[in-house]
Amino acid sequence: MEPNHTKSSDSYAADISSIREAQVRIKPFARQTPVLTSDTLDSIAGRKLYFKCECFQKGGAFKFRGACNAIFSLDDDQATKGVATHSSGNHAAALSLAAKLRGIPAYIVIPKDAPKCKVTNVKRYGGHVIFSEPSMQSREDTANKVLQDTGAVLIPSSNDGRIISGQGTISLEFLEQASEIDTLIVPISGGGMISGVALAAKAINPAIRILAAEPMGANDAFQSKSNGRITKLSEVNTIADGLRAFLGDLTWPIVRDLVDDVIVVDDKEIIQAMKLCYEVLKIAVEPSGAIGLAAVLSDGFQKNPVYSECNHIGIVLSGGNVDLGVLWNSFDK
């Protein structure tokens with residue numbers, strides 16, 4: 001793993017000030033999500049675990065924070081023609097809901113293979129759905145056509161300072177709710193959430209450890225950290241449909257400098273962690289949301305002496321939008 005670079009926060013797309021501003025901006029709309037603990041899971045993990053339940057956020061995932069901050073950052077002239085994005089699901093629903101609250105249209109490009117529950121959420125919140133092929137190229141091409149046709153403002157799912165700042169509000173809440181946390185484990189995909197979480201957490205407590213959790217079948221962040229540059233994969237294959245995006249030019253420098261390590265787990269470990277969330281915590285968590293628990297329970301974490309001092313671990317359960325049919329099928333494998 002590449003050593004951390006020292007770098008001024010002035011050059012990042014967000015900072016603790018923009019995150020605190022986001023917290024004020026989204027407070028009338030976003031929920032302060034609860035933190036759960038479990039003696040049973042503590043005993044299994046051999047650590048004290050704290051679960052930040054973003055599955056209880058509006059829209060069913062953390063994405064509402066960033067989408068809300070981005071949309072309410074727009075001036076009236078910018079907002080009048082609406083917003084657009086391409087997303088596999090949670091950002092799409094979050095943007096639709098935030099746009100509805102602002103009273104503006106949201107044009108959402110969704111790949112044809114997105115989970116049905118996430119498409120349903122977008123429609124429920126009034127988003128205009130435009131389907132694309134699953135490839136990133138098709139998603140981007142379709143989104144560009146929508147922008148030309150509508151004049152809407154593009155709101156990316158991760159690679160945007162307003163999004164990063166909104167997601168960083170997770171840390172402000174979490175470290176106030178459980179100040180003893182010495183390690184945070186966060187799912188990583190496009191890097192918007194972990195970038196915001198890391199910027200806020202390390203501003204509050206520079207000694208805190210930030211670990212990313214990533215699926216084996218989409219381990220571009222692990223490879224990027226190892227190579228010291230953004231590394232994209234020719235294909236991804238994981239049950240964690242929310243973790244299939246790649247780092248961007250705004251999220252990568254923050255991940256490179258402030259994320260201490262990336263823990264990679266396979267889909268079987270993710271499914272087992274989902275089962276524990278249902279059976280022990282009694283909450284619905286999607287695969288992408290359960291990966292932080294999977295990381296803590298993995299051999300890569302449990303048997304690595306580097307993590308022996310990680311005693312109070314905060315885990316972000318990032319979302320709960322899961323197709324139940326897929327869930328039952330995964331449990332049977």
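Ala 14 is buried, since its relative accessibility is 3%; buried here means under 20% relative accessible area, exposed over 50%, and partly exposed in between (1.4 Å probe, protein chains only). Ala 14 sits in the segment before helix 1. Helices (H or I, at least four residues) and strands (E, at least two) are DSSP runs, numbered from the N terminus. The C-alpha atom of Ala 14 is separated by 9.7 Å from that of Thr 251, although the two are 237 residues apart along the chain.

This is a predicted model, in which local features need pLDDT of at least 70, side-chain atom pairs count only at pLDDT 80 or more, and totals for chains, interfaces and linings use all residues. Residues are numbered from 1 along each chain as its sequence is written, and side-chain values use heavy atoms, with hydrogens and water left out.

**Annotated span**

The UniProt record (unreviewed entry) places the feature "domain: Tryptophan synthase beta chain-like PALP" at residues 27–299. UniProt positions follow the numbering used here, feature names are shortened, and annotations may be inferred rather than shown by experiment. The end C-alpha atoms of residues 27–299 lie 39 Å apart. The span is 48% helix and 15% strand.

**Helix 11**

Thr 251 belongs to helix 11, where it is one of the buried residues. The buried residues of helix 11 pack against helix 8 (161–177), helix 9, strand 8 (209–215) and helix 10 (220–227). Contact means heavy atoms within 4.5 Å.

**Helix 1 against helix 9**

Two packed helices are described by the angle between their axes and the distance between the axes. Helix 1 (residues 16–26) and helix 9 (residues 192–204) pack at an angle of about 110°, with axes 9 Å apart. Axes are lines fitted to C-alpha atoms, for helices over the stretch in contact, and angles run from 0 to 180 degrees between N-to-C directions. Helix 1 and helix 9 are therefore roughly perpendicular. The classes are: under 35 degrees roughly parallel, over 145 roughly antiparallel, 65 to 115 roughly perpendicular, and the rest oblique.

Helix 1 contributes Ile 16, Ile 19 and Arg 20. Helix 9 meets them with Gly 196, Leu 199, Ala 200, Ala 203 and Ile 204. The residues of this contact divide into 6 nonpolar, 1 polar and 1 charged. Ala, Val, Leu, Ile, Met, Phe, Trp, Tyr, Cys and Pro count as nonpolar, Asp, Glu, Lys and Arg as charged, and the others, Gly among them, as polar.

**Aromatic pairs**

Rings of Phe, Tyr and Trp (its six-membered ring) pair if their centres lie within 6.5 Å; planes under 30 degrees apart count as stacked, over 60 as edge-to-face and the rest as tilted. By this rule the count comes to 2 aromatic pairs.

| Pair | Centre to centre | Angle between planes | Class |
|---|---|---|---|
| Phe 29 and Phe 72 | 4.3 Å | 20° | stacked |
| Phe 301 and Tyr 307 | 4.8 Å | 10° | stacked |

Phe 29 lies in the loop between helix 1 and strand 1 (35–36) and Phe 72 in helix 3 (residues 63–73), so the pair ties together parts that are 43 residues apart in sequence. Phe 29 is partly exposed at 21% relative accessibility, and Phe 72 is partly exposed at 22%. Phe 301 is buried, with a relative accessible area of 0%. Tyr 307 is buried at 3%.

Lys 63 is in helix 3 and is buried, with a relative accessible area of 13%. Not counting residues up to four places away in sequence, Lys 63 touches Asn 90, His 91, Ala 94, Ser 157, Ser 158 and Gln 167. The C-alpha atoms of Lys 63 and Ser 157 are separated by 8.1 Å, at 94 residues apart along the chain.

Asn 90 is in helix 5 (residues 90–102) and is buried at 11% relative accessibility.

Gly 60 lies in the loop between strand 2 (48–53) and helix 3. Gly 60 is buried at 10% relative accessibility. Beyond four places in sequence, Gly 60 touches Glu 54, Cys 55, Gly 319, Gly 320 and Asn 321. Gly 60 and Gln 78 are 18 residues apart in sequence and 27 Å apart in space, C-alpha to C-alpha.

**Lys 282**

Lys 282 is in the loop between helix 12 (267–281) and helix 13 (287–297). Its phi is near 65°, a positive value in a residue other than glycine. Lys 282 is exposed, with a relative accessible area of 62%.
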